[in-house]
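Please consult the sequence and the structure below.

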Amino acid sequence: MALPSDYLDFLQPDCDRKEFIQKRLMDCGIKSSVLVIEGKNHIYVDFASSCYNPQYKLKTLVAHYDRVPGTQGANDNSSGVFALIEAAKKIAALDTIHNVRIIFTDGEEEGRFGVASQGAFSLAKKLKELNFDEGDIFVFDCIGRGDVPVICEIDLPPKVDKNFARKYQTLVSQTQNVVSRYSPLPNLVLPSSFSDNAGFVANGIPAVAVTMLPKDEVINYMSNLKRIPGLRQSVMNRRLEDIPSKVAPEYILRESIPLTWRYIHTEFDKVTTLTPNSFNIISKIIDDIVRLNYLKPVM
């Protein structure tokens with residue numbers, strides 16, 4: 001698969017990314033609305049109400065469109081945005097009930113200041129207040145490089161409600177069943193920096209994040225996790241500098257994570273690092289998630 005002709009336009013420093021997404025959707029005949037919550041502009045795709053049946057679970061597909069200033073954000077997370085735009089086109093063409101919502105979120109990168117600073121955190125909080133938080137959340141972040149779909153491991157909050165933990169584990173298992181069909185390696189749930197999934201989980205809404213990595217990077221990373229103390233903790237916390245040097249020097253921890261992740265938030269997160277076939281794999285995974293029409297559990 002070749003990247004869309006306007007992919008580079010989306011990476012330009014002066015691109016109004018919110019306007020770009022809405023215009024691209026509208027060019028495909030798809031309407032959208034902007035949800036302004038605590039200064040963040042989330043884009044909600046407006047599918048017809050006839051596409052929903054309250055007997056079935058909602059499936060919400062999420063990708064953040066903000067990026068770290070000074071970077072192209074080619075993988076983080078322009079890749080997820082374009083994957084969901086293509087998914088929206090396919091879903092809009094379905095003549096059936098699909099129970100899918102798509103949200104392009106704003107403010108994910110502010111999660112580096114803490115989960116509560118994330119745009120997804122305040123969005124999830126508002127969804128709960130409106131009783132609009134049902135169903136499962138599937139987050140797609142940094143999916144433009146590699147051939148191995150990876151489910152991002154996340155630490156659940158301390159003393160988490162057992163019912164929520166059960167729902168979360170069920171969601172992870174369902175996602176594993178889907179991604180395993182397209183992976184050259186066994187089902188993988190690996191420690192990774194949190195994405196918008198953390199903001200939803202912190203509000204008691206099950207959410208799982210999917211990313212992509214090259215096979216050789218995955219194999220090397222799995223080996224490093226077994227032999228380098230503190231590596232899992234440093235990745236999960238997003239702050240390598242917080243790990244005491246007596247556990248492992250910061251430079252060793254940094255060099256022990258996948259190269260794909262080392263590009264993120266730097267000038268190296270550019271279009272030349274992408275592997276277009278990654279989008280083909282994610283497209284198939286999203287197609288399968290869209291087809292998941294399962295009844296709501298009886299309480």
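A contact means heavy atoms within 4.5 Å of each other. The model is a predicted one, in which local features need pLDDT of at least 70 and side-chain atom pairs count only at pLDDT 80 or more, while totals for chains, interfaces and linings use all residues. Residues are numbered from 1 along each chain as its sequence is written, and side-chain values use heavy atoms, with hydrogens and water left out.

**Overall fold**

The protein chain comprises eleven helices and eight strands, taken as DSSP runs numbered from the N terminus (helices H or I, at least four residues; strands E, at least two). Of the contacts with a separation of 6 or more, 79% join residues 24 or more positions apart. Buried residues make up 53% of the chain, where buried means under 20% relative accessible area, exposed over 50%, and partly exposed in between (1.4 Å probe, protein chains only).

**Two residues**

Phenylalanine 140 lies in strand E5 (residues 136-140) and is buried, with a relative accessible area of 0%. Serine 117, by comparison, sits in the loop between strand E4 (100-105) and helix H4 (119-129) and is partly exposed, at 28% relative accessibility. With the sequence exclusion of up to four places, serine 117 touches Gly107 and Glu110.

**Aromatic pairs**

The structure holds eight aromatic pairs. Rings of Phe, Tyr and Trp (its six-membered ring) pair if their centres lie within 6.5 Å; planes under 30 degrees apart count as stacked, over 60 as edge-to-face and the rest as tilted. Two of the pairs are tabulated here.

| Pair | Centre distance | Plane angle | Class |
|---|---|---|---|
| Phenylalanine 10 and phenylalanine 20 | 4.8 Å | 40 degrees | tilted |
| Phenylalanine 164 and tyrosine 168 | 6.4 Å | 25 degrees | stacked |

Phenylalanine 10 belongs to helix H1 (residues 7-11) and phenylalanine 20 to helix H2 (residues 17-27), so their pair ties together parts ten residues apart in sequence. Phenylalanine 164 and tyrosine 168 both lie in helix H5 (residues 162-179), and both are buried. Ring pairs also link Tyr7, Phe10, Phe20, Phe82 and Phe279 into a cluster.
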